[in-house]
Amino acid sequence: MKPLLEIKNLKMYYDTQAGQVKATDDISFTLNEGESMGLVGESGCGKTSVSMSIMKLLPENARILSGHIYFDGTDLVPFSEEQMNRIRWAGISMIFQAAMNSLNPVYRVGDQIIEAIVTHEPNVTFEEARERVGSLYKLVGLDPERMDNYPHEYSGGMKQRAIIAMSLACNPKLIIADEPTTALDVIVQDTILRELEKIQKKLNMSMIYISHDIAVIAEVASKIAIMYAGKIVEMADSVTIFKRPAHPYTVGLMSSFPSIRGEKKDLVTIPGEPPNLLNAPDHCRFAPRCPFVTDECWKQVPPYAEVETAHLVACFHPQNLRKQVSVNASK
Amino acid sequence: MPVNDRETVIKVENLDKFFPMKKSVFSVSKHFLHAVDKVNFDIKRGQVLSLVGESGCGKTTTGKTLLKLYEPTNGSITFLNRDVTHLNSAEDRKWFHSRTQMIFQDPFESLNPRKTIFDIVSEPMNIQNFGSLRKREVMVMDILKRVGISPPDAFLWRYPHELSGGQRQRVAIARSLVMKPEFVVADEPTSMLDVSIRTQVMKLMMDLIKEMNMSFLYITHDLAVARYMADEISVMYLGKIVEHAGSEELIKNPLHPYTKALISAVPVPDPEFRRTSVNIKGGIGKPIDPLPRCRFYERCPFAMEICTQKDPELIDVGNDHQVACFLYEKR
Amino acid sequence: MANSTDESIEEKLESPLAVRAKLMWRSFKENWKIFSESRIGMVGLWIVIIFAVAGFVVYPILAATVWKTTSLNAMVSYNPVTGYDFLQNNPAPPSFAHLLGTDPLGRDVLAQLLYSTPREFMLGIVAALITVLIGTLIGTIAAFFGGIIDTFFMRLADIVLLFPFIPFLIVISGMMQVDLLTLALIIGLLSGFGGITIILRSQGLIIKSKPFIESAKVSGASDAYIIVNHIIPNVMPLSFLYMMFNVTGAIFSEATLSFFGLLNIKMSWGLMIFTADTAGYIVGTNIWNYWWLWLPPGASITLICGAFYFIGRGLDEVVNPRLRKR
C-alpha cells in the first residue's frame with residue numbers, strides 16, 4: 001500500500017538577522033491512509049515547522065532547501081502557491097494552535113465554514129454548502145441550529161469543535177492538528193479527543209497530532225515521532241515508544257511526567273535547557289543534556305537508523321533495546 | 001513532627017468573594033458573581049495544599065484574596081493566629097506582606113521588562129525597606145544561586161528578555177523567597193514552561209519547601225501535578241470546594257462525581273490503558289447569583305431530587321476525607 | 001565559612017552606581033542602533049542637528065564677529081530686530097552683504113532666521129515637556145485609580161480634543177500679552193490634558209493588568225510606589241515618542257499666531273512672514289519677486305516640524321519592539 005504522505009529528507013531553514021535557524025533538519029517519515037501519527041517535542045523543536053512546511057504556509061524568510069513532500073504520490077515541494085491552494089483544505093487541512101482564536105469575530109461561524117467550502121469547490125451551491133455544514137456540525141457534536149451564531153456566543157470547547165468541522169469541510173485525506181486541545185479544560189479535552197478519534201475512524205482519515213503532552217499523544221496516535229532541536233530523534237509505534245524508549249531524550253521525557261495512575265514515583269529531570277536552533281552544531285544536539293553522553297557524541301551527528309524493526313533512533317547509545325546494538329558511527 | 005501536631009499557619013473560614021456585575025461606573029449592581037463561596041481550609045507549617053479545578057472555578061481568585069489582592073466579601077482569614085481579613089494599619093500590612101508571597105503563572109509577564117534581575121529579586125526588600133544595599137546584593141546572589149541561576153553575579157544586571165522561560169520562572173521564585181516568607185501561593189507556576197523545564201522547576205519548589213519549612217498553596221488545573229506537589233488536595237467547582245482529602249486518598253478514592261469525572265478525564269501516558277469514559281455532560285457556566293442548590297446538579301449523572309433543594313455542605317466521611325455531596329449524606 | 005563567602009562576594013560587587021551608569025549606557029547604545037537603522041529618523045535627526053548648530057553655535061559666533069556693528073560699517077547693522085541697512089533699498093534681494101537679503105524694515109533675513117532658531121527650539125521643547133509631564137501624570141493616575149477619576153479625566157480629554165485650539169489662543173492673546181514662554185506654557189497646559197492623556201492612559205491600563213504589578217502589591221507596595229516604579233517607567237518611552245510630535249504642534253501654532261501678529265515677541269519665523277505680509281509683499285506677483293521674505297522662514301518651519309516628526313517616526317521602532325524588522 002502506497003503511503004498517503006511521505007516526507008523525505010526535508011530541510012527547511014529560516015534566515016534571520018542573527019543567523020540561520022535550522023528549523024527542520026533532514027526530517028523523514030511516512031504516513032499511511034487511516035493512520036494517526038504523533039509528533040512530540042518541546043517549543044522550538046521544529047514540530048510546528050514541519051506542519052507549516054507540509055502546508056507550505058511559510059513566512060518570507062523561510063526556505064525549503066531540499067527534500068520531498070510526497071502527498072498521494074506527488075511532490076509538493078515544487079508546487080506553486082496556486083497549486084497549493086488546491087491542495088490545502090481539500091487534500092490536507094490543518095487545525096492551528098489556539099485555533100479558537102482564528103475564527104473571525106465579525107462573521108457567523110457557519111458562514112465561515114461555508115466560505116471555506118465554496119472557495120475550494122466552486123461548483124457547490126450555497127444551499128448544498130449549508131447542508132454540508134449542518135451534517136458536519138452533527139459529526140462534531142454541535143447543534144446545527146447554532147450555525148448562525150457568532151464566535152463570541154460559543155464556549156471554548158464549541159469553538160474548537162467548529163474549527164474541527166471547518167477542517168473537515170472539504171473532505172481532506174489528511175488533517176494536521178497542532179496542539180488541538182492545549183487551551184481547553186481537561187473534561188472538554190477528553191470530549192474533543194474522543195470526537196476526533198470517532199471521526200477519524202469513520203472517515204478513514206489520516207491524522208498528524210502535534211503536541212508537547214505525551215499523555216494526549218498516547219491516546220490518539222498509533223505511531224509517534226519524537227523531535228528535538230529540529231530533528232526526529234526517535235520514531236516507532238506508540239507502545240514501543242512508551243514501554244521501551246531508546247533515545248535518552250525519550251527516556252527522560254517518559255519519566256518526567258507526573259501521573260495520577262499507579263504508585264507515586266519520583267520524577268526524573270532532564271538537566272539544562274532546550275537548545276537554540278541558531279547555528280546548530282555538528283554533533284548530537286542532545287549531548288549537553290544527555291546522561292549517557294560519550295566522546296563520540298560530541299564529534300558527529302548520530303545517524304538516524306533502524307535499531308529494531310520499525311524503530312528508528314538517532315543516537316550512538318540507544319537504550320532499552322531487546323538486543324544490545326551499538327550503532328557504528330563510521331558508516 | 002506529624003502533620004496534625006504542627007501549628008496552623010493560615011486558616012480560612014467561610015471565605016466569600018463576590019464581584020458585582022456593574023453596567024457602568026455610576027450604576028448600582030444588582031447581580032453578583034460568586035467567584036469564591038464559603039471556602040474553608042487550613043494549612044499547617046511545612047504543608048502543601050493544592051487547589052484543583054478547571055477554569056472559572058475560583059481557585060486563582062481564592063489565592064489572590066488570601067494575599068489581599070482582593071478584599072474578602074465575607075468570612076475570615078487567620079494568619080499566624082492573627083486576624084488578617086481586613087488589614088487596616090500600615091504596620092499590619094507590612095507585617096503580613098513581609099511573611100507572604102506569590103509565584104505567578106506567566107514567566108514573561110510577571111517580571112517588569114525594564115528592570116534588571118537584581119531590581120526584580122530585591123523588590124520585596126525594597127518595598128519593605130529592608131537591609132542596606134550591600135546586604136540586599138548578598139541576599140539576592142544567595143537566593144539566585146539556590147534556585148539554580150548560576151553564577152549569580154553574571155545575571156544580576158541582565159534584563160528579563162535575555163533569559164529563557166525557565167530561567168525567568170526561577171527568578172520569579174527567587175523574588176518570592178528572598179525574604180523567606182512563611183506562606184506562599186503558587187498560581188500554576190509551571191503550566192507555561194516547556195515540559196523538560198517543568199519538572200526541574202517543580203523539583204526545585206519541592207526542595208525549597210522542605211528546606212525552608214514553608215506552607216504552600218499550589219493552584220493548578222492538573223491533578224497529576226497536584227498529586228506530585230501537594231500533601232492535600234481541595235477540588236473546587238464554581239466557587240465551592242466540593243471535595244478535600246490527602247492527595248493519595250483523593251486520587252485512589254474519589255467520591256464526588258465531579259472529582260471522579262476529572263480523574264477519568266486525565267489522559268494517561270500509556271497507550272495500552274483504556275480510560276473509563278467521562279459521563280458528565282454540558283459545560284461550565286458562571287456562578288452569577290447562584291440558587292441555593294448543588295451547582296453541579298445540571299451535569300451530574302447521579303442527580304437526585306434533594307440536589308435541587310439544598311446546597312450540600314462538606315461532610316467528613318472519615319480518613320480526613322470530606323465531600324460536599326448528598327450521595328454521602330447519611331439520612 | 002559564611003563570612004569568607006560574603007567577603008568574596010562583596011569583592012566581586014561593583015558599586016551599584018557604576019553598574020547603573022554602565023547599564024544606562026548599554027541600553028542607550030542598543031536603542032541608538034535600532035534608531036539609526038531608520039532612514040526617516042536619521043534624516044530628521046540630521047535636520048535638527050543642522051538647525052541646532054546654526055542657531056546655538058553659528059549665530060552667536062557670527063553676531064560676535066562678522067555681524068558686529070563697528071564704526072567701520074556703521075551704515076549696516078545686522079541686528080535682527082533693530083538693524084537697518086542704509087546702503088540699499090529695502091527689501092533687498094540676496095547679495096554678498098546679505099546672504100538672504102533684507103526685509104522691508106532693512107533687517108538681515110539670515111540674521112533673523114538664525115536668531116529665531118534657538119527660540120523656536122525652546123518653545124517647542126518647553127511646550128512639549130509640559131504636555132508630556134501633565135499627560136503622563138494624569139494618564140497614569142487615571143489608569144491606576146479607574147472609576148470616577150478615570151471617567152473625569154477622559155471626558156475632560158474629550159472636551160480638550162474638540163476644543164478650537166487656535167481661536168482660543170487668538171482670544172487669549174487679545175486678553176493679555178503673550179510672549180514665547182507664556183505661549184509655551186499655555187500650549188503645554190492645554191495639550192497636556194488632551195489626546196496624549198488618552199493614549200498614555202491606555203498604555204497605563206495595559207501595564208496595570210500585568211502580573212508584575214500584582215507581584216509588587218503582594219509584597220506590600222503602596223499605590224504611589226507602583227505608579228512611580230512600575231507604571232511610569234513603562235509609559236515613559238511612549239511619552240517621549242509623543243513629545244516629538246508635540247514639538248511640531250507647538251512650533252506650528254506659534255507660527256500661525258505670529259502670522260496674525262498676535263504675539264508679543266520680538267522675532268520669530270512666523271513674525272518674519274507677518275512682516276512681509278503686512279508690507280504687502282506676499283500678494284500677487286510680489287510673492288515670486290520677493291521670495292526671500294517668506295521662503296526661508298516658511299521652509300524652516302516646515303523643515304523643523306517635519307524633522308521632529310521624522311524623529312518621532314524613527315523612535316516608534318525603538319519604543320514598539322513589534323514594529324522592528326526581524
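Reader: Which side chains meet in a salt bridge at 3.1 Å, N to O?

Author: Lys243(A) and Asp270(B) do. A salt bridge here is a side-chain nitrogen of Lys or Arg within 4 Å of a carboxyl oxygen of Asp or Glu. Note that this is a predicted model: local features need pLDDT of at least 70, side-chain atom pairs count only at pLDDT 80 or more, and totals for chains, interfaces and linings use all residues. Residues are numbered from 1 along each chain as its sequence is written, chains are lettered from A and ligands numbered from 1 in the order in which they are written, and side-chain values use heavy atoms, with hydrogens and water left out.

Reader: How many salt bridges between chain A and chain B?

Author: The count is 2.

Reader: And how many residue pairs in polar contact across that interface?

Author: The rule finds 17, with both residues at pLDDT 80 or more. A polar contact is a pair of N or O atoms within 3.5 Å; within protein, one must be able to donate a hydrogen and the other to accept it, and residues adjacent in sequence count only if both atoms are side-chain atoms.

Reader: Which helices of chain A supply at least two residues each to the side that touches chain B?

Author: Helix H6 (186-203), helix H7 (214-220) and helix H8 (238-243). Helices (H or I, at least four residues) and strands (E, at least two) are DSSP runs, numbered from the N terminus.

Reader: How much area do chain A and chain B bury between them?

Author: About 3,600 Å², with 57% of it on carbon and sulfur atoms. Buried area is the accessible area (1.4 Å probe) that two parts lose on being put together, summed over both.

Reader: Which residues in chain A lose the most area to chain B?

Author: Ile187(A), Ile260(A) and Arg261(A), together 20% of what that side buries.

Reader: How many residues does the contact take from each chain?

Author: Chain A gives 38 residues and chain B gives 42 residues. Contact means heavy atoms within 4.5 Å.

Reader: New topic. Thr61(B): buried or exposed?

Author: Buried, because its relative accessibility is 15%. The cut-offs: buried is under 20% relative accessible area, exposed over 50%, partly exposed in between (1.4 Å probe, protein chains only). Thr61(B) sits in helix H1 (residues 59-66) of chain B.

Reader: What is Thr61(B) in contact with, leaving aside neighbours within four places in sequence?

Author: Lys17(B), Phe19(B), Ala35(B), Val36(B) and Tyr70(B). Lys17(B) is 44 residues away in sequence, but 7.9 Å away in space, C-alpha to C-alpha.

Reader: What about Thr65(B), buried or exposed?

Author: Buried, at 1% relative accessibility. Thr65(B) is also placed in helix H1 of chain B. Beyond four places in sequence, the contacts of Thr65(B) include Leu15(B), Lys17(B), Tyr70(B) and Ile77(B).

Reader: Switch to chain C. How many helices and strands?

Author: 13 helices and 0 strands.

Reader: What radius of gyration does chain C have?

Author: 25 Å, whereas a compact globule of 326 residues would have one near 20 Å. The radius is taken over C-alpha atoms, and the globule rule is 2.2 Å times the number of residues to the power 0.38. The C-alpha atoms fill a box of roughly 90 × 50 × 40 Å along the principal axes.

Reader: Why is helix H9 of chain C largely enclosed by the rest of the structure?

Author: Because 7 of its 8 residues (211-218) are buried. Among them are Phe212(C), Ile213(C) and Glu214(C). Just after H9(C), Gly220(C) takes a positive phi of about 100 degrees.
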